[in-house]
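Dear colleague,

I am passing the structure below on to you, and my notes on what was found in it follow directly after. Please read them with the model open beside you.

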Amino acid sequence: MCCNASGTEKAKAVFIGKSQNPHALKHIPKSSLPVNYYWNKTAYMQVSIWNDWLKLFDARLRLQNRHIILLYDGASTHILHENTILSNIRLHKLPPNTTAHLQPCDAGIIRSFKAHYRKLFLQNRIKAFDNNQETGQPITEIT
């Protein structure tokens, strides 16, 4: 997740799944999702994903004729490839042990987002199960 310090501007979130073509997204183009979808076997951030996302974000800023300083933490995946050129983003790595104090997304926003997502997911599955118990209809897939 990425946003400005006040939270008034938010970049499209990055979602990393384990499947290149998940069943739930079978007939949905990934470009139409409200997130940037990436995948790998572990569903973890990777250097290649970080660099691809930076290029997309930089291109968006270039179209808007905006220049920013992007504060980022010292995660081992936050490494810029040599051939990655950013014209509208200036990267600034935060000092160790300061991320939670200086970076809004690390101050509980990401955890809160994930908790809210899991809550909605579980509510959906419980509702589908209850409907199955009451009507005998099969449990629908999540769309």
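Tyr 37 is buried, with a relative accessible area of 14%, where buried means under 20% relative accessible area, exposed means over 50%, and partly exposed is in between (1.4 Å probe, protein chains only). Before going further, please keep in mind that this is a predicted model, in which local features need pLDDT of at least 70 and side-chain atom pairs count only at pLDDT 80 or more, while totals for chains, interfaces and linings use all residues. Residues are numbered from 1 along each chain as its sequence is written, and side-chain values use heavy atoms, with hydrogens and water left out.

A search of the whole structure gives four aromatic pairs, a pair being rings of Phe, Tyr and Trp (its six-membered ring) whose centres lie within 6.5 Å, with planes under 30 degrees apart counted as stacked, over 60 as edge-to-face and the rest as tilted. Tyr 37 belongs to one of these with Phe 15: the ring centres are 5.9 Å apart and the planes stand at 20°, so the pair is stacked. This pair links distant parts of the chain, since Phe 15 is in strand E1 (residues 13–17) and Tyr 37 in strand E2 (residues 35–39), 22 residues apart; helices (H or I, at least four residues) and strands (E, at least two) are DSSP runs, numbered from the N terminus. Phe 15, for its part, is partly exposed, at a relative accessible area of 37%.

Trp 50 and Trp 53 also form a stacked aromatic pair, at 6.1 Å centre to centre and 25° between the planes. Both lie in helix H1 (residues 47–63), three residues apart, which is about one turn of the helix. Trp 50 is buried at 6% relative accessibility, and Trp 53 is buried at 8%. Together with Phe 57 and Tyr 72, these two residues form one aromatic cluster.

Two further residues of helix H1 deserve a look, namely Leu 54 and Asp 58. Leu 54 is buried at 0% relative accessibility, and, not counting residues up to four places away in sequence, Leu 54 touches Leu 70, Leu 80, Leu 86, Ile 89 and Leu 91, contact meaning heavy atoms within 4.5 Å. A polar atom of the Asp 58 side chain lies 2.7 Å from the backbone nitrogen of Asn 88.

Terms used
Polar contact = N/O pair within 3.5 Å; in protein donor to acceptor, adjacent residues only side chain to side chain.
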